[in-house]
Amino acid sequence: MRNHPLKPFPKDFLWGASTSAYQVEGAWNEDGKGPSVMDVAEHPKEVTDFKVASDHYHRYKEDIALFAELGLKAYRFSISWSRIFPEGTGEVNQKGIDFYNNLINELKKHHIEPVVTMYHFDLPYALQKKGGWLNRETIDAYENYAKTLFENFGDRVKYWLTINEQNVMILFGELLGTVDRNAENPKKELYQQNHHMFVAQAKAMILCHRMLPDAKIGPAPNISAVYPISPQPEDVLAAHTFSSLRNWLYLDAAVFGRYNSTVWSYLEKKQAIPEIQDGDMAILKEAKPDFIAFNYYSTMTVGANLPQKVSNNKREDQQMAFEEPGFFKGHPNPNLPKTEYGWEIDPVGLRTTLREIYERYHLPLLITENGLGAQDRLEEGDVVNDDYRIDYLQKHIEQCRLALDDGVELIGYCPWSAIDLVSTHQGISKRYGFIYVNRDEFDLKDLRRIPKKSFYWYKKVIASNGEDLANE
Ligand code: BGP
């Protein structure tokens, strides 16, 4: 039995919500925007592409008015690199700067704190054609892009996120198309890309602190606790290896400026040690994040794996399904329910994850994604009864509060997503938003905005600073 009242959410807690540029904006080739890798990526024919998305580019004022009605204290969105630099570098596209200036001003007008992701999967295609992250020049392009963002928006943006889910881009590079499957050793290429991203991120953090002494900047990987499938020591060891590879590699590099030793030894075995140039590690060491942002959807359960043929796991089978002969293999967790898309639901795992990150790095934490994808149904009278989403978020917020009570310094919670948007792989029918966007995969209808039941529920949660989580 608890013998003390739970600590409350801090007064200035950042109750927020998230989106990303290519998934919400549309206007993929308007006002001088160059294509990004997401615009040219191949789509399964049953789902829509990102060309119109939620048409936020043209409707941002209406959307922000709704975010204000919802009571958001923070809005986490990303800037499209190729809207600012159509070629990735070189000439700035003033209309791109204007769009984000307007967006940020509109947020400020409504007292919503902008939390800006500088790069969320959508590398300018012009850079990809020159080798993407495999090419060291992309580091300079990113640093130059960061400088442009700080110069133009730094007077109003206090929270910056360097790279969204770098770990997912590396772990699933073959699925996300960032690496050539036919390369001689795709792993070596991926970890070379990864190293370049580490250097780029570190340079951006250093620059941010030089240019904007009052701003805060941090990484934004996808982090989750990893459970062993059994107490068998080999399974526990496999879970540890997997967690180093999935989680700690990224945060050790960002916070301590060093490579995780377990991962380094794994890379040696895989002949995938990246080329590190003189000075790179000094840059990593000099860079210090002010906080850690992370996305959390579920945990992973892992066991030992004997050398055998790898099955081709798809991300949608199990959000982080993964296997590596001789190292580890992902398993379903029989204790957890699943969403209709097969993603396991583990609110308690969020508390464990929060504790693990905080104990390891002692930095303030910001949850930048957490949510449930479902095929919502628009009912008569413009009603969306998404009680399943309310249930998911309610349970996760409860665990945030318990983590705060455990002593974790959690500064905000930004569920995915503020408004319906196009899922990275599964189209617009897989909805996450508090606001319904009236369109289907291929029929744009009127794109009208309709607050869902979860909208009114979250509004009450925010207004009560997390005290009232009831769904009535
Ligand atoms: C995260 C990404 C988001 C978003 C989310 C939901 O990995 O950062 O961009 O896509 O997952 O995933 P999905 O769209 O595949 O359902």
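## Basis

Residues are numbered from 1 along each chain as its sequence is written, and side-chain values use heavy atoms, with hydrogens and water left out. Because the model is predicted, local features need pLDDT of at least 70 and side-chain atom pairs count only at pLDDT 80 or more, while totals for chains, interfaces and linings use all residues.

## Ligand site

The ligand is surrounded by 15 residues, a residue being near if one of its heavy atoms lies within 4 Å. The closest are Gln 23, Glu 165, Thr 424, Lys 430 and Tyr 432. By class, the shell has five nonpolar, six polar and four charged residues; Ala, Val, Leu, Ile, Met, Phe, Trp, Tyr, Cys and Pro count as nonpolar, Asp, Glu, Lys and Arg as charged, and the others, Gly among them, as polar.

For Gln 23, a polar side-chain atom lies 2.7 Å from a ligand oxygen. A polar contact is a pair of N or O atoms within 3.5 Å. Of the 380 Å² of accessible area that the ligand has on its own, the protein covers 99% (Shrake-Rupley method, 1.4 Å probe).

## Helix packing

Helices are DSSP runs of H or I with at least four residues, and strands are E runs of at least two, numbered from the N terminus. Axes are lines fitted to C-alpha atoms over the stretch in contact, with angles from 0 to 180 degrees between N-to-C directions. Helix α10 (residues 186-211) packs on helix α11 (residues 233-256) at about 40°, with the axes 10 Å apart. The crossing is right-handed, that is, the near helix is turned clockwise from the far one by less than a right angle. Contacts (heavy atoms within 4.5 Å) join Tyr 191, Asn 194, Phe 198, Gln 201 and Met 205 of α10 to Leu 245, Leu 249, Tyr 250, Ala 253 and Ala 254 of α11. This contact has eight nonpolar, two polar and no charged residues.

α11 also packs with helix α14 (residues 347-361), at about 35° and with axes 11 Å apart, again in a right-handed crossing. Here Trp 248, Leu 251, Asp 252, Val 255 and Phe 256 of α11 meet Glu 356, Ile 357, Arg 360 and Tyr 361 of α14. Six nonpolar, no polar and three charged residues make up this contact.

## Backbone features

The peptide bond from Trp 416 to Ser 417 is cis, with omega near 10°. Ser 417 sits in the loop between β12 (410-413) and β13 (435-437).

Ala 27 is not a glycine, yet its phi is positive, about 45°. Ala 27 belongs to the loop between α1 (21-24) and α2 (37-40).

Definitions and conventions:
Polar contact = N/O pair within 3.5 Å; in protein donor to acceptor, adjacent residues only side chain to side chain.
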